[in-house]
Structure formats: structure tokens, C-alpha cells
Amino acid sequence: MSLHLTKIAFGAESPATLRAWLESQADEARTSTRYMPKRFEELAGGSLYWIHSSQLVGRSAILGFEETGQGRFWIRLEPRLIPVRAMPKRPHQGWRYLEAKDAPPDLGSGEADDLDAMPPALLGELSKLGLV
């Protein structure tokens, strides 16, 4: 079972803008971090789960890690957002580990379009009730 990371989708106005940014990248998307994860070997085959409006909204497969040359590291990602069943997640700085058993399941293609159109506050309330 793979290990995953969670990270805030900083600067994204919505899951749709996050998806657009990821898809605008050529072969890989990159986000920077100050520290290399100590458990980076366990992250092989894992994903970075994006937090937006206190919800896990999607994931991008982790391709690897690379030094930036400026004392920071790139988290190299597949340039696509795979929608997941919305799950409450408190905001945090940097990234946090997410065990595979605690990760939300991926959504089907039709479900993703419906959830993008929903206001984040409504999506959060429905998630708390276990309806999405």
C-alpha cells in the first residue's frame, strides 16, 4: 500500500482552476517544499491529495522529488487532477502524510462534473453528512 501526501491548493480559486493549472503544465507539474519527506521511498506510487476549502478534492500522482538548487525541493506530479470523494480535511502548512487506508476513493467521471459546479461550502456540508 502506498503512502500519500496532503497539501493545500494555495492560490486555486476552485478545484476547476487547480485542474486547469495542472493540465497547463507540459509533462509534469511541480510544487515546491522546504524539506524532502523522510518517508519519500514509501511515496513511490502514491499521490498528492489537494485540499481546497477544508476538503480533499482531488489527487495528482507523485512522479518523484528533485532538488531545486536553492535549498528547496520539487514535488514532481502528473499534470492532471483525479477527483476524489470530498472529505473534510483541516488546513495545514506544508504537507502531511496520508495513509492509503485513510485516503478517499476516486470519483467516476460524471460525479466530478457535478461536484465542480457545487459551491465549496455546500459541498463541505454534504460531506459532513456523508452524502458525497
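Student: Which backbone nitrogen lies 2.9 Å from a polar atom of the side chain of H4?
Tutor: This is a predicted model. In it, H4 sits in strand β1, residues 3–8. The backbone nitrogen at 2.9 Å from the H4 side chain's polar atom belongs to S47.

Student: Is H4 buried or exposed?
Tutor: Use the cut-off: buried means under 20% relative accessible area. H4 has a relative accessibility of 9%. Therefore H4 counts as buried.

Student: Within what arc do the buried residues of α1 fall, seen down its axis?
Tutor: Helix α1 covers residues 15–24, and its buried residues are P15, L18, R19 and L22. They line one face of the helix, because seen down the axis they fall within an arc of 100 degrees.

Student: What is the phi of S53?
Tutor: Most residues other than glycine have a negative phi. S53 is not a glycine, yet its phi is positive. S53 lies in the loop between β3 (47–52) and β4 (55–67). Its phi is about 50 degrees.

Student: What is the relative accessible area of S54?
Tutor: S54 is found in the loop between β3 and β4. Its phi is positive too, near 60 degrees. S54 is partly exposed, and its relative accessible area is 35%.

Student: And how exposed is S53?
Tutor: S53 is in the loop between β3 and β4. S53 is partly exposed, with a relative accessible area of 41%.

How values were computed
Residues are numbered from 1 along each chain as its sequence is written. This is a predicted model: local features need pLDDT of at least 70, side-chain atom pairs count only at pLDDT 80 or more; totals for chains, interfaces and linings use all residues. Side-chain values use heavy atoms; hydrogens and water are left out. Helices (H or I, at least four residues) and strands (E, at least two) are DSSP runs, numbered from the N terminus. Buried means under 20% relative accessible area, exposed over 50%, partly exposed in between (1.4 Å probe, protein chains only). The arc is that of the directions from the helix axis to the C-beta atoms. A polar contact is a pair of N or O atoms within 3.5 Å; within protein, one must be able to donate a hydrogen and the other to accept it, and residues adjacent in sequence count only if both atoms are side-chain atoms.
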